[in-house]
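Student: I have just opened this entry and would welcome a guided look. Could we go through it together?
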Amino acid sequence: MTMIADRIRLARRKAGFSLRDLSAAMEGRVTAQAIGKYERGESTPSSGVLLGLAKALDVSLGYLLDTQGIALSGVEFRTKANTTARDRAEVETEVLEWVERYLQIEQVLELDSAEWQCPLPCPRRLKSIVEAEELANEVRKEWELGLDPIPNMTELLEEKGLKVLTVPLPARVSGFTCLVQRADGEPLPVIVVSNQFSLERRRLTLAHELAHRLIDTDCLSDKDEEKAANVFAGAFLMPRAHLLKEVGKTRHAIGYKELIDLKRLYRVSGAALLVRLRQVDVISDAMLTYAFQSIARTWRTQEPVELEPSRERGQRERARRFERLCYRALAEGLISLTKASELLRQPISTVEADLKGPQDADADHCQ
């Protein structure tokens, strides 16, 4: 009962409705006072009212009913920008709906939710920001990644049991990590990244949020924890030993073409690459400053030679496990085409075409 109340309140905030607005959107079928009672858990909406609420709030009936008993915890928008209650509600609703669909398809396939293969026995207490580099090396070693660049960060984290969601987020919020609490089972760690940023930025965000899953939140100030997560991300994506092998131990100058080739190699932003070169003492403070005043003067706001064209923003290195599981269940006849369409949030025609492939259309044409 309480969960339904929470879901109605969260969805209303997502929609930006007051109690009166929601009543009006339902054409006065229920009063604002009645909706307030639903949200406080003082009364229970009928099935008909629930359907009306779902339609007015643009959420699924399953979301309001919450048959799986899940909730989010530890949601923190790590950004200097202010986020409104509506921003937070919109993102939390999106995450909850997505996780519910994810758990549904895992249940259909009789799969236990992918277990988080945490590389540490417990969150690491760092004594200083620089220790984050050692932590990155330790994680790479535990996961047997070697020193080579990571070709796909999203795929790596999904393989390790993290659930990754790419969705629009409030301006300047690149991502966050949270836990999904379940009525029966261990909490599921989730990393959410914004599809409005470049692929380079998303990869760094994934590594940054991974760090927040691994660092003890009580050992550093919030500001230093952010700095440590940034150091971890740089070291995880650009290991010191590999970087020094590629560029040399000390450089007195470095050119544009070489920097572009290096950012393509490590699949990181140009600005992050320059900062990392300074962290490992390949370049000096003066060289870093000069780079940002000359060849890299626009790199903090405009990514040079993006790995992902703007028209494909959010499509490369996309989380694909959920989608694969849906098509697996559909192919095995465990779910209907309509159910697959509902889970994937795609038109039935699109899901059917993706299932059958272009060969089917070609065969029909030949006949």
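This is a predicted model: local features need pLDDT of at least 70, side-chain atom pairs count only at pLDDT 80 or more; totals for chains, interfaces and linings use all residues.

Student: What is the angle between α15 and α16, and how far apart are their axes?

Tutor: The two helices pack at about 175 degrees, and their axes are 10 Å apart.

Student: Which residues make the contact?

Tutor: From α15, the contact uses F322, E323, C326, Y327 and L330. From α16, the partners are L337, A340, L343 and L344.

Student: Which residues of α15 are buried?

Tutor: The buried residues of α15 are R321, F322, L325, C326, Y327, A329 and L330.

Student: And what do those buried residues pack against?

Tutor: They pack against α6 (85-108), α8 (153-159), the strand β2 (163-167), α16 and α17. Just after α15 comes G333, with a positive phi of about 75 degrees.

Student: Let me step back. How many helices and strands are there in the protein chain?

Tutor: The protein chain has 18 helices and four strands. Its C-alpha trace spans about 70 × 65 × 40 Å along the principal axes.

Student: What share of the residues counts as buried?

Tutor: Of the 367 residues in the chain, 48% count as buried. The accessible surface comes to about 18800 Å², and 48% of that surface belongs to carbon and sulfur atoms.

Student: Now the loops. Where does E317 lie?

Tutor: E317 lies in the loop between α14 (285-293) and α15 (321-331).

Student: Is E317 buried or exposed?

Tutor: E317 has a relative accessibility of 10%. Buried means under 20%, so E317 counts as buried.

Student: What is the phi of E317?

Tutor: The phi of E317 is near 50 degrees, a positive value in a residue other than glycine. For context, most residues other than glycine have a negative phi.

Student: Which residues does N152 contact, leaving aside its neighbours within four places in sequence?

Tutor: N152 is in contact with R203 and E317. N152 itself sits in the loop between α7 (131-142) and α8. N152 and E317 are 165 residues apart in sequence, yet their C-alpha atoms are 6.0 Å apart in space.

Student: Where is R345, and what is its phi?

Tutor: R345 lies in the loop between α16 (337-344) and α17 (348-356). Its phi is near 55 degrees, again a positive value in a residue other than glycine. R345 is partly exposed, with a relative accessible area of 41%.

Student: And G185, where does that lie?

Tutor: G185 lies in the loop between the strands β3 (175-182) and β4 (188-194). With a relative accessible area of 43%, G185 is partly exposed. The C-alpha atoms of G185 and S113 are separated by 9.2 Å, although the two residues are 72 apart along the chain.

Student: One more topic: E39. What does it touch?

Tutor: Not counting residues up to four places away in sequence, E39 touches A5, I8, R9, R12 and L19. E39 lies in helix α3 (residues 32-39) and counts as buried, at 8% relative accessibility.

Student: Finally, which residues are buried in α4?

Tutor: In helix α4 (residues 47-57), the buried residues are V49, L50, G52, L53, A54, A56 and L57. D58 follows α4 and has a positive phi, near 60 degrees.

Note on methods: Residues are numbered from 1 along each chain as its sequence is written. Side-chain values use heavy atoms; hydrogens and water are left out. Buried means under 20% relative accessible area, exposed over 50%, partly exposed in between (1.4 Å probe, protein chains only). Accessible areas come from the Shrake-Rupley method with a 1.4 Å probe; for residues, only the protein chains shown count as cover. Contact means heavy atoms within 4.5 Å. Axes are lines fitted to C-alpha atoms, for helices over the stretch in contact, and angles run from 0 to 180 degrees between N-to-C directions.
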